[in-house]
Amino acid sequence: MVRNPAANRDQFRPHDHPNDTFLLSTVVGSYPKPKWLNRADELVDDPDSKFDADDLHEAHDDACRLITHEHERAGLDTVVDGEMRRNEMVEFFADRIDGYEFNGPVKVWGHNYFDKPSVVEAVEYDEPWLVDEFEFTSNVAERPVKVPITGPYTLGFWAFNEAYPSTEELVYDLADLVNEEVEKLVEAGARYIQIDEPALATTPEDHAIVGEALERIAAGIPEEVRIGLHVCYGDYSRIYPEINDYPIDEFDVELCNGDFEQIPTFTDPSFEPDLALGVVDAHTAEIESVEEIKQNIRQGLRVVPPEKLTISPDCGLKLLPRDIAYGKTENMVTAVREVEAEIDSGEIDLDNPLDD
């Protein structure tokens, strides 16, 4: 059952917001790393280099500070650090969870490799995974900070299971660990948590497993903490309307890349959580115009009213050139503010939002 998004949304509205209408603007998580940071990652592994782990830590701090400020300069209502300290979304967390081990990369497509971990014993929670990262970014940022976490379903199914009778049981244990991490983040001041479950799009018949995992994650988390679920690509009709039963505040979908053909999926029955709609394409190195993005935002108004609409890119932007990623983000925020003003003035008919 959907949580209570109305109880936590307004805290992200800036005190100097220019319009009566408020469409929450954010990003999914990842962002292009500065080229010098990639070089720093290489230097720390070079035995002939004097660049050490302390130097790399400083480089990560600098990059997180840079990208957080870049997001604020673009005008986002909530920001992230661009995941500057992270590598691949499963590897990063598996490296921090007792019970995983790495045995080398596996080929996933073309010339791309993924250091796919194995679960060799029961997973356990030891040290916090993201609290230091969140506290650093919060001290740097003037806007609220969102924390993306790879979800237990993806952490379970995108690893080799060598310890549990079923991967489903592994997922539930991982969900309990994610709940512990969320509790630690809440204690540190986090109020916006995003669970990333790209694996659900590849095996949508497992939506009930994801639902149970989310129940475990949300257990005991207060209503003022916003919990979002991001599922990129796939046929959403295979998990809708089941997501209406998930204990989330917000469901984040990737629809811009598919020209919003799946929007009607979410109109019957009524969409219950807030909708986080991707309105710029994370897969194309072209900056959409403000006018184009405004039309994309109107697609979301076909599903939910303005007070339940969040605007973001389709997915993480890390594979794009950094200037393109920034241009998309800046134009997206401009489009959001213009659509808000047009709603206030009555220029947009909310009953028929695509009509001029």
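Biologist: How is Arg 143 classed: buried, partly exposed or exposed?

Modeller: Arg 143 has a relative accessible area of 27% and is partly exposed (buried is under 20%, exposed over 50%, partly exposed in between, with a 1.4 Å probe and protein chains only). The model is predicted, so local features need pLDDT of at least 70 and side-chain atom pairs pLDDT 80 or more, while totals for chains, interfaces and linings use all residues. Residues are numbered from 1 along each chain as its sequence is written, and side-chain values use heavy atoms, without hydrogens or water.

Biologist: Which residue forms a salt bridge with Arg 143?

Modeller: A salt bridge needs a side-chain nitrogen of Lys or Arg within 4 Å of a carboxyl oxygen of Asp or Glu. Here the partner is Asp 77, with the closest N and O atoms 3.9 Å apart. Asp 77 sits in the loop between helix H2 (53-74) and helix H3 (91-94), and Arg 143 in the loop between helix H4 (131-140) and strand E6 (147-150), so the pair ties together parts 66 residues apart in sequence. Helices (H or I, at least four residues) and strands (E, at least two) are DSSP runs numbered from the N terminus. Asp 77 is buried, at 1% relative accessibility.

Biologist: What is the N to O distance between Glu 83 and Arg 86?

Modeller: Their side chains form a salt bridge at 3.7 Å, and both residues are buried.

Biologist: Where do Arg 226 and Glu 250 lie?

Modeller: These two form a salt bridge, with closest N and O atoms 3.0 Å apart. Arg 226 is in strand E9 (residues 226-231) and Glu 250 in strand E10 (residues 250-253), 24 residues apart. Arg 226 is buried at 0% relative accessible area, and Glu 250 is buried at 2%.
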